[in-house]
Amino acid sequence: MASVAAVEDMVGAPVDPLRFRGNLHVTGLPAFAELDLVGALRSPAVSLLLVRERGRLVAVGRRYSADGASYLSSIGTEPLARGRGHATLVTRTLAADAREGGDEFAYLAVHVGNERAIDVYRRSGFEVVGDRAGDYLLS
């Protein structure tokens, strides 16, 4: 959580930790110490991409592959860094990583109203192939 506090200091505003869609929130580590774990997170089936601009983390994305397909997720850009092509870079890099890994196709999900992201994905070669699927919550 020290990383979230550091991001709050950088942007000068509160940041909801859930904005990063992290699967694991860690306390007790110095700010950004979790980035040292990235090498351990890379495998033929999983990629985590971090984009830095002048040393600052500005965009992220991840890929998970199984059964000949890659799911791209958690693609996001720091609000102050939007409009500079970071999301396109992340999307195209992860898609290329999927192809290089031998996956037959890559897929992702996006909120229907997120026109900016939809435009990035379309320009990166993705197309809509179905209606929005329902979300499920385990409680």
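Asp67 sits in the loop between E2 and E3. The model is predicted. In it, Asp67 has a positive phi of about 55 degrees, although Asp67 is not a glycine. Is Asp67 buried or exposed? Its relative accessible area is 84%, so Asp67 is exposed.

Ser74 also has a positive phi, again about 55 degrees, and is not a glycine. Ser74 is placed in strand E3. Its relative accessible area is 16%. That value is under 20%, the cut-off for buried, so Ser74 counts as buried.

## Salt bridges

How many salt bridges does the structure hold? There are 3. One of them joins the side chains of Glu53 and Arg84, at 2.2 Å from N to O. This pair links distant parts of the chain. Glu53 is in strand E1, and Arg84 is in the loop between E3 and helix H3. They are 31 residues apart. Glu53 is buried, because its relative accessibility is 16%. Arg84 has a relative accessible area of 43%, so Arg84 is partly exposed.

Another salt bridge joins Asp97 and Arg63. Their closest N and O atoms are 3.0 Å apart. Asp97 lies in helix H3 and Arg63 in strand E2, so this pair ties together parts that are 34 residues apart in sequence.

Asp119 is partly exposed, at 38% relative accessible area. Arg123 is partly exposed too, at 47% relative accessibility.

## Around Glu53

Strand E1 covers residues 46-53, and Glu53 lies in it. Which residues does Glu53 touch, leaving out those up to four places away in sequence? They are Val58, Arg84 and His86. Arg84 is the salt-bridge partner of Glu53. His86 has a link of its own: its side chain makes a polar contact with the side chain of Glu53, at 3.2 Å. So this buried residue, with 16% relative accessible area, has a salt bridge to Arg84 and a polar contact to His86.

## Arg56 and Ala81

Arg56 is found in strand E2, which covers residues 56-66. Its relative accessibility is 30%, so Arg56 counts as partly exposed. How far apart in space are Arg56 and Ala81? From C-alpha to C-alpha, the distance is 10.0 Å. In sequence, Arg56 and Ala81 are 25 residues apart.

## Aromatic rings

The structure holds 3 aromatic pairs. In one of them, the ring centres of Tyr71 and Tyr107 are 5.1 Å apart. Their planes stand at 45 degrees, so the pair is tilted. Tyr71 lies in strand E3, residues 69-77, and Tyr107 lies in strand E4. The pair therefore ties together parts that are 36 residues apart in sequence.

Phe105 and Tyr107 form an aromatic pair as well. Here the distance is 6.1 Å from centre to centre. The planes are at 45 degrees, and the pair is tilted. Tyr107 takes part in both pairs. Which residues make up the aromatic cluster? Tyr71, Phe105 and Tyr107 form one cluster.

## A nonpolar surface patch

The cluster residues return at the surface. Tyr64, Tyr71, Phe105 and Tyr107 form a nonpolar patch there. Together they have about 420 Å² of accessible area.

How accessible are the aromatic residues? Tyr71 has 30% relative accessibility, so Tyr71 counts as partly exposed. Phe105 is partly exposed at 46%. Tyr107 is partly exposed at 39%. Strand E4, where Tyr107 lies, covers residues 105-107.

Definitions and conventions. Residues are numbered from 1 along each chain as its sequence is written. This is a predicted model: local features need pLDDT of at least 70, side-chain atom pairs count only at pLDDT 80 or more; totals for chains, interfaces and linings use all residues. Side-chain values use heavy atoms; hydrogens and water are left out. Patches are made of residues with over 30% relative accessible area and no salt bridge: like charges are joined within 9 Å, nonpolar side chains (Val, Leu, Ile, Met, Phe, Trp, Tyr) within 5 Å. Accessible areas come from the Shrake-Rupley method with a 1.4 Å probe; for residues, only the protein chains shown count as cover. A salt bridge is a side-chain nitrogen of Lys or Arg within 4 Å of a carboxyl oxygen of Asp or Glu. Helices (H or I, at least four residues) and strands (E, at least two) are DSSP runs, numbered from the N terminus. Buried means under 20% relative accessible area, exposed over 50%, partly exposed in between (1.4 Å probe, protein chains only). Rings of Phe, Tyr and Trp (its six-membered ring) pair if their centres lie within 6.5 Å; planes under 30 degrees apart count as stacked, over 60 as edge-to-face and the rest as tilted. A polar contact is a pair of N or O atoms within 3.5 Å; within protein, one must be able to donate a hydrogen and the other to accept it, and residues adjacent in sequence count only if both atoms are side-chain atoms. Contact means heavy atoms within 4.5 Å.
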